[in-house]
Amino acid sequence: MRTARDQHGRATSRARRGIFSVRLLALATSVAALTATGLVSVAGPAAAHPGGAPDFGPNVFVYDPSTPATQIQAKLDEIFARQENNEMGTNRYAVLFKPGRYDVNAKLGYYTTVAGLGRSPDDVDINGAVRVVGRPDPSSEAGISALTNFWRSAENLSVTPTDWSNQWAVSQASPMRRVHIRGTLWLEPGNGGFSSGGYIADSKIDGVTINGSQQQWLTRDSRLGDAWTNGVWNQVFSGVVGAPAEGFPSPPYTTLPTSPVTREKPFLYVDDAGAYRVFVPALRRNTSGTTWADGQQQGSSLPIRDFFIAKPTDSASRINQQLSRGKHLLLTPGVYHLDRALRVKHKDTVVLGLGMPSLAPDTGDAALRIEDVDGVRIAGVLVDAGRRESEALVEVGDRHSRRDHSGNPISLQDVFFRIGGPWVGKAKTSLVINSDDTIVDNIWAWRGDHGNGIGWTQNTADTGVVVNGDDVTAYGLFVEHYQKYQTIWNGERGRTIFYQSEIPYDPPSQAAWNSPTGKGWASYKVGHRVRNHEAWGMGVYSFFNQGVDIRADRGIEVPKTPGARFHNMVTVFLNGSGGIERTINEAGTPVVGSYGTSNVVSYP
């Protein structure tokens, strides 16, 4: 992830400058962080919030408008100082705002969530910023980048920028959901610094969205204001009111007027009586725009007493006992070391992470197994492979699953996987989906390319995502660096809307990296028995960094059947040696030996 994009050259940097001159806007001076009067610890547990706030543990901080802004700002600054460079650390945080106005500047580092506790994003107005900035990067011409700005989120609030924009310079696993930006949204680190793509859903931006150097991006079921500017390789809009017109490959826009089937992520809120509840949005079909525009969002509301509020000190056995009793699960911030898989057996169970909690299987078991039942929702969790190899990290259904879930599907949202990084990790597959009709919404499956325990024989992992179920729909599928196919799709009538993938950097030789169908392994593989599959907006990138001429015969490999239809694909040589010979099957041109792109608008 990091090295290839750091070095892929000035030609790419020029392309990133876009239709509008980001340079002019980048000259605007950012407002400095509001000065805190001291590091005042405002505790999140119930002791600091008499009247019934649940005990969310020591790393959740809940505020209301009566809290002095200096106290809130001090805590935000303290968390950012801890997390700005803590990429592979174990700290996790959530900062939650009850309805009202707040004059603060929230700068987000790693494993930090800032969220509102209203029924509507407009119930919480952050007058200032909720922002992510670039980090120093000597290899970039700009001296700054957002290439490793992972694992953070903003949700369910509005931002009234007091600077010229609200900056959100992120890459993978950093979603913005249910957010209203009352002004300009700026998605790059500035001065043309590199950035690697991200995700927005159920949000509204009143002003211009400056995409800048973002290589790829998915915006889903949202409303854009004045304009969306520029783009590099792969920009996808699904169900977005005000989206730019289809233009792939120049500009690189893929635009779907509606999203075929969606259900938004559950969220925590406080009702009019001050009680905590979780709202569970309803299933929608053929949608566009936000769910909250008219104030009548459809769905159901669950009282917090229906949830087991887990702490990282809770054992897998204890959590499973609560799930078996029919409790929903709220995971508070931290790392959960598991000696066995968490098992979801009851229909309509909600598993909701708060502050990017990590599930870490230590014994070679899975982290999470979901029975083939209706309506399970898994949202907001990071899964870290353990030192003992797991066959799979998350399993949805089993190989015999054949139930029809079309009226109430299982959904996975903001679920992120990591093989290596904080420690040596091993897993043959990260995510296996056997249940029909499952909705996948913003997944990053990552075999680490930097951090701890990184190497061809250390953080071993064959495949990121395997889909065996029929009628599965994926939005925002990010899958990178696995050692064989990145994604295998065996189910019928699958749909992928936006795909981003780097094939592995580190094969030691061509002989060590040949598939049954030729040189290398395609990133996206549709099984040879599949007759119907459709995908839009797909990017596959190469950077072989071992100094060996390694080739992949193709980036995407699919059966030759009229029902397998692909739209707007690109393969890219980033840097290094070797490259990709064709984009999809026999279509596309080589991107080998030097920076280049190969675009295919449709296949077959």
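In the predicted model, serine 501 has valine 540 of strand E45 as its bridge partner. Strand E45 covers residues 533–544, and eight bridges join E41 to E45, the two strands running parallel. Strand E41 itself spans 494–502. E41 also pairs in the parallel sense with strand E39 (residues 473–480), here over five bridges. Within that pairing, tyrosine 499 in E41 is the bridge partner of leucine 477. Eight of the nine residues of E41 are buried, so this strand is largely enclosed by the rest of the structure.

Tryptophan 513, in the loop between strand E41 and strand E42 (514–515), is linked to phenylalanine 544 in strand E45, 31 residues away. Their rings are arranged edge-to-face, at 5.4 Å centre to centre and with 65° between the planes. Both tryptophan 513 and phenylalanine 544 are buried.

Across the whole structure, a search finds 25 aromatic pairs. One of them joins phenylalanine 267 and phenylalanine 279, with 5.5 Å centre to centre and 40° between the planes, a tilted geometry. Phenylalanine 267 belongs to strand E22 (residues 267–270) and phenylalanine 279 to strand E23 (residues 276–281), so the pair ties together parts that are 12 residues apart in sequence. Both of these phenylalanines are buried. The ring of phenylalanine 267 also has a charge over it: the charged end of arginine 178 sits 4.0 Å from the ring centre. A further charge is placed over the ring of tyrosine 269, where the charged end of arginine 119 is 5.1 Å from the centre. Elsewhere, ring pairs link Tyr110, Tyr111, Phe150, Trp151, Trp444 and Trp446 into a cluster.

Four cavities of 30 Å³ or more are found in a search of the whole structure. The largest cavity has a volume of about 200 Å³. It is lined by 21 residues, of which Thr113, Glu155, Lys265, Gly353 and Leu354 are the closest to its centre. At least two lining residues come from each of strand E5 (112–116), strand E9 (152–161), E22, strand E30 (350–353) and strand E35 (411–419).

Parallel pairing is also found in an open sheet of eight strands, with the order E29-E32-E34-E36-E38-E40-E44-E47. Its edge strands, E29 (342–344) and E47 (556–557), each pair on one side only. E29 is joined to strand E32 (residues 368–370) in the parallel sense by three bridges. In this pairing leucine 342 stands opposite leucine 368 of E32.

Leaving aside neighbours within four places in sequence, alanine 245 is in contact with Tyr253 and Thr255. The C-alpha atoms of alanine 245 and leucine 256 are 9.3 Å apart in space, and the two residues are 11 residues apart in sequence.

How values were computed:
Residues are numbered from 1 along each chain as its sequence is written. This is a predicted model: local features need pLDDT of at least 70, side-chain atom pairs count only at pLDDT 80 or more; totals for chains, interfaces and linings use all residues. Side-chain values use heavy atoms; hydrogens and water are left out. Contact means heavy atoms within 4.5 Å. Two strands pair if DSSP finds at least two bridges between them. Helices (H or I, at least four residues) and strands (E, at least two) are DSSP runs, numbered from the N terminus. Rings of Phe, Tyr and Trp (its six-membered ring) pair if their centres lie within 6.5 Å; planes under 30 degrees apart count as stacked, over 60 as edge-to-face and the rest as tilted. Buried means under 20% relative accessible area, exposed over 50%, partly exposed in between (1.4 Å probe, protein chains only). A charge sits over a ring if NZ of Lys or CZ of Arg is within 6 Å of the ring centre and within 35 degrees of the ring normal. On a 1 Å grid over the protein atoms alone, a cavity is a set of points where a 1.4 Å probe fits but cannot get out, and a pocket is an open set with protein on both sides within 12 Å along at least five of seven lines; lining residues have an atom within 4 Å of a point. Grid points are joined across faces, edges and corners, and a volume is the space filled by probe spheres set on the points.
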